[in-house]
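Thanks for coming. Please look at the model first.

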Amino acid sequence: MSQPSNKPSLTPQFCFNETALRDFLRLSRGTIDDSIVQNLNALVTPAQYGFDPSSTAERQVQPTRKKPIDPQACQGFQDKVLFPSWQTRSDVLNYCAGVALDPNDPDLVLRQAETAKDRERVIDERLDPYSGRFFPREARTESLASLIRNERMVEGIIRARTWGLVTERCGDIGIRWEEALNNWRASQERRGNEA
């Protein structure tokens, strides 16, 4: 069974390094969500029902029904692997969203100076094809905010797909992934308060 992703050390430098941020999210998603079918199959006890020799007597045209997974194994997977992984990614995205909102962007002063000087220039791209370098560039906080928005949308899509597969194999408990994750968070908080 896969292990949940380790939380990286959260610093503004980690967030502004878009490659590192994307790599963390990609690896975490690949370990848990992209391989959800394999993770769920690993929960099935192979010899639980024994081998049926008649299953090979004729060609199976219809796909065989997937074996049900023990509810305790499913719950254990959700509590120990799936939800902690989702929570780690949520923590990283929330932290980086906070960094993106920080008004103390070190590039801000430099960009403002460039903008004031470049506003005075007359730009004609026909005469100077390199004049585009004088257009104001996007602040790195704005770039980070855009990345975080995109990654949150991707996260929602991936979690919905993963939760659909989990409920299909483990039994539908009638709640959406958001509610299931919030219930898990509440149970973790209660455990933390009891300790």
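Helices (H or I, at least four residues) and strands (E, at least two) are DSSP runs, numbered from the N terminus. On that basis the protein has seven helices and zero strands. Along the sequence this reads α-α-α-α-α-α-α.

Before going on, a word on what we are looking at. This is a predicted model, where local features need pLDDT of at least 70 and side-chain atom pairs count only at pLDDT 80 or more, while totals for chains, interfaces and linings use all residues. Residues are numbered from 1 along each chain as its sequence is written, and side-chain values use heavy atoms, with hydrogens and water left out.

Two totals next. Buried means under 20% relative accessible area, exposed over 50%, and partly exposed in between, with a 1.4 Å probe and protein chains only. Of the 195 residues in the protein, 33% are buried. Contact means heavy atoms within 4.5 Å. Taking contacts between residues at least 6 apart in sequence, 79% join residues at least 24 apart.

Now the disulfides. A disulfide here is a pair of cysteine sulfur atoms within 2.5 Å. How many disulfides does the structure hold? There are two, and with bonded cysteines counted along the chain they follow the pattern 1-3, 2-4.

One of them is formed by Cys15 and Cys96, with sulfur atoms 2.0 Å apart. Cys15 is in helix α1 (residues 12–16) and Cys96 is in helix α4 (residues 71–100), so this pair ties together parts that are 81 residues apart in sequence. The link of Cys15 and Cys96 is left-handed, at -80 degrees about the S-S bond. Both Cys15 and Cys96 are buried.

The other joins Cys74 to Cys170, S to S 1.8 Å. Cys74 belongs to helix α4 and Cys170 to helix α6 (residues 140–170), so distant parts of the chain, 96 residues apart, are linked. The torsion about the S-S bond of Cys74 and Cys170 is about -75 degrees, so this disulfide is left-handed. Cys74 counts as buried because its relative accessibility is 3%, and Cys170 counts as buried at 19%.

On to the helix pair. Two packed helices are described by the angle between their axes and the distance between the axes. The axes are lines fitted to C-alpha atoms, for helices over the stretch in contact, and angles run from 0 to 180 degrees between N-to-C directions. How do the axes of α6 and helix α7 (residues 177–194) cross, and within what distance do they come? They come within 10 Å and cross at roughly 90 degrees. That makes α6 roughly perpendicular to α7, a label for angles of 65 to 115 degrees, with under 35 counted as roughly parallel, over 145 as roughly antiparallel and the rest as oblique.

At this contact, Gly156, Arg159, Ala160 and Trp163 in α6 meet Trp177, Ala180 and Leu181 in α7.

Last, Glu155, which also lies in helix α6. Is Glu155 buried or exposed? Glu155 counts as buried because its relative accessibility is 3%. Leaving aside neighbours within four places in sequence, Glu155 is in contact with Arg29 and Arg89.

A polar contact is a pair of N or O atoms within 3.5 Å; within protein, one must be able to donate a hydrogen and the other to accept it, and residues adjacent in sequence count only if both atoms are side-chain atoms. The side chains of Glu155 and Arg29 make one of 2.8 Å, and those of Glu155 and Arg89 make one of 2.6 Å.
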